[in-house]
Amino acid sequence: MRVAVVGMGNAGKRHAAAYAAEGFEVIPSDIGDDWRAAMDSADLVSIATPNDLHCSMVCYAMEHDKPVFCEKPLAHNDFSLRRIERAWHESGSTFSCNLPLRHNRRIIEFLDAFQGKFIMGHYGWGRKSKFAGWRGRIADYSIVCGGGIHIIDLMMLRYNVTKLGNPKASRGENSVVAAFGLGEVVMGAIIVDFSYEGEHLVRLQAGGKQVTVDEPQDFVEPIREFIRAAGRGDSGNGMEAIFANRACLEIEGAAR
């Protein structure tokens, strides 16, 4: 089996290592390479490019009936997100997004034990200087989509909802604070902070308790889950990723 890994930065190298460990032949392709040819010759496609390239690459793979694994977020605007959603529905291919917090044992145990009606999430990643890179060139770059999507995804899974209600948000310099509904009576809130220099910090608070994780990234298990889904012909977590991405766009819009 062959997998085309498109985008060979830090994330792409970790994608490639995860597939190689599962016995796949990796076809690496960087942004300037002929990534279409790489996809055409592969059985699976894994996308780890800057966010603004996701839409065209995901849609190309879908149009050629390739199972696709894509880094989050899928899109920074609703037009691109709807285009991805339409291409997926038309193709019926396996489609998954990298949402690694779902596989963090401490976080899952915390959510399993939580019985309250309010959840607070904090997603921090010190990337202030990195906005001079590819993030800085994306006009509609969203830190909520880029980081907060992890916590939004967990909240939506926990409460089995497909959209947030009435988000209220405020913006600082590379930070957003938001509150929203998670159903008729359930409430949630998040803080997304990229305004410092440092490492990851993910914290969930609920029912007077909290869990903090400082190394949330896991590329291996999400990719293993995608491989299993593709082997079974399952849909993957694509629809849940689309729901979470759309909720992040609503929060971002409320902060403007």
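These exercises work through a nonpolar core, a hairpin and a helix pair in a predicted model.

Residues are numbered from 1 along each chain as its sequence is written. Local features need pLDDT of at least 70, side-chain atom pairs count only at pLDDT 80 or more, totals for chains, interfaces and linings use all residues, and side-chain values use heavy atoms, without hydrogens and water.

**Exercise 1.** Find which residues touch the most other members of the largest nonpolar core.

Solution. A nonpolar core is a set of buried Ala, Val, Leu, Ile, Met, Phe, Trp, Tyr and Cys residues joined through side-chain atoms within 4.5 Å; buried means under 20% relative accessible area (1.4 Å probe, protein chains only). The largest core has 67 residues, and I152 and I190 touch the most other members. Helix α7 (residues 143–159; helices are DSSP runs of H or I, at least four residues) supplies the largest share, 10 residues.

**Exercise 2.** State how many bridges join strands β10 and β11.

Solution. Strands are DSSP runs of E, at least two residues, and two strands pair if DSSP finds at least two bridges between them. Here β10 (residues 197–206) and β11 (residues 209–213) run antiparallel and are joined by 5 bridges. V202 has V213 in β11 as its bridge partner. Between the strands of this hairpin lie 2 residues, and G207 takes a positive phi near 55°.

**Exercise 3.** Work out why α1 and α8 are called parallel or oblique.

Solution. The axes (lines fitted to C-alpha atoms over the stretch in contact, with angles from 0 to 180 degrees between N-to-C directions) of α1 (residues 10–21) and α8 (residues 220–232) cross at roughly 55° and come within 10 Å. Angles under 35 degrees count as roughly parallel, over 145 as roughly antiparallel, 65 to 115 as roughly perpendicular and the rest as oblique. The two helices α1 and α8 are therefore oblique to each other.

Technical notes: Buried < 20%, exposed > 50% of the residue type's maximum accessible area, 1.4 Å probe, protein only.
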